[in-house]
Amino acid sequence: MSIVVRPYQDGDKKQVCAVFQEAWTGLAWDARKQGVRYALIRGAPLLFCAFAIVHAICGDLRCLAWVMGGLSLLFSCAVVFIAYRFGRGYTNYFQEALRTDLADVPAHYPADKHHGFFVAVKDDGSIVGMVALVSNSSEEAELKRMAVRRDCRGLGVGQKLVEYFEQQVRRGKWTYMMLATSSLHFAAQRLYTRCGFTFTHSVPLEFNLRVFFYRKELRSTPGVE
């Protein structure tokens, strides 16, 4: 499969929004699964302790069954609630992006020395990935809105996007590249590490979710202007 990365063009909006929504919907489901695991790991020991305490206090099996049935119902509700909260942040994120910058890419990422929006295109013309460039300062450029269509992952699309992004950053004479990604986005973390980014720090979100920050210093490359 031949992949070409190019700047965003008029007419790309529908495919760009579809790829981005698909990618982040999948991540929201991954977050919900993580929420279920989190609730089970944290809550199962508490439920077992509650069972032991109730059994010690109330030896009657009928009473024990009623109490544990109620506790089990509360635990199930807690699992559902935590899974919902895990996924809600990711859902809100992509919905906000679709309402704001992805609704008008040329306005938010104009083709100038401070911005850029690029798409990965297959030889049949379909868009399979995207990445945006934003200048944070005269020295630092930020990689944003990275997404790859799920059926094209593992085929080098992400690598091509990051490499193209780096070429644009070098042409813009920035010294550093930075990005932020989810602690659940394991494939992206591996990709950024392979491409030379270094983990710098993380910021906690709800429960045990975090935002990971990466940075890469650019050294001059002969022949690149």
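Buried means under 20% relative accessible area, exposed over 50% and partly exposed in between, with a 1.4 Å probe and protein chains only. The views below come from a predicted model, in which local features need pLDDT of at least 70, side-chain atom pairs count only at pLDDT 80 or more, and totals for chains, interfaces and linings use all residues. Residues are numbered from 1 along each chain as its sequence is written, and side-chain values use heavy atoms, with hydrogens and water left out.

**View 1. Y109 and F117 form a tilted aromatic pair.** Rings of Phe, Tyr and Trp (its six-membered ring) pair if their centres lie within 6.5 Å; planes under 30 degrees apart count as stacked, over 60 as edge-to-face and the rest as tilted. The whole structure holds 7 aromatic pairs. Y109 is buried because its relative accessibility is 7%. F117, at a relative accessible area of 3%, is buried too.

**View 2. F199 and Y214 form an edge-to-face aromatic pair.** The distance from centre to centre is 5.8 Å, with 75° between the planes. This pair links distant parts of the chain, 15 residues apart: F199 belongs to strand 6 (residues 198-204) and Y214 to strand 7 (residues 210-217). Helices (H or I, at least four residues) and strands (E, at least two) are DSSP runs, numbered from the N terminus. F199 has a relative accessible area of 41%, so this residue counts as partly exposed. Y214 has a value of 6% and is therefore buried.

**View 3. Five named residues make up one aromatic cluster.** The members are Y192, F197, F199, F212 and Y214.

**View 4. The charged end of R215 sits over the ring of Y176.** The distance to the ring centre is 3.8 Å. A charge sits over a ring if NZ of Lys or CZ of Arg is within 6 Å of the ring centre and within 35 degrees of the ring normal.

**View 5. R145 has a positive phi.** The angle is near 55°, in a residue other than glycine. R145 lies in strand 4 (residues 140-148). Its relative accessible area is 12%, so R145 is buried.

**View 6. K173 has a positive phi.** Phi is near 70° here, again in a residue other than glycine. K173 is found in the loop between helix 4 (157-171) and strand 5 (176-182). With a relative accessible area of 57%, K173 is exposed.
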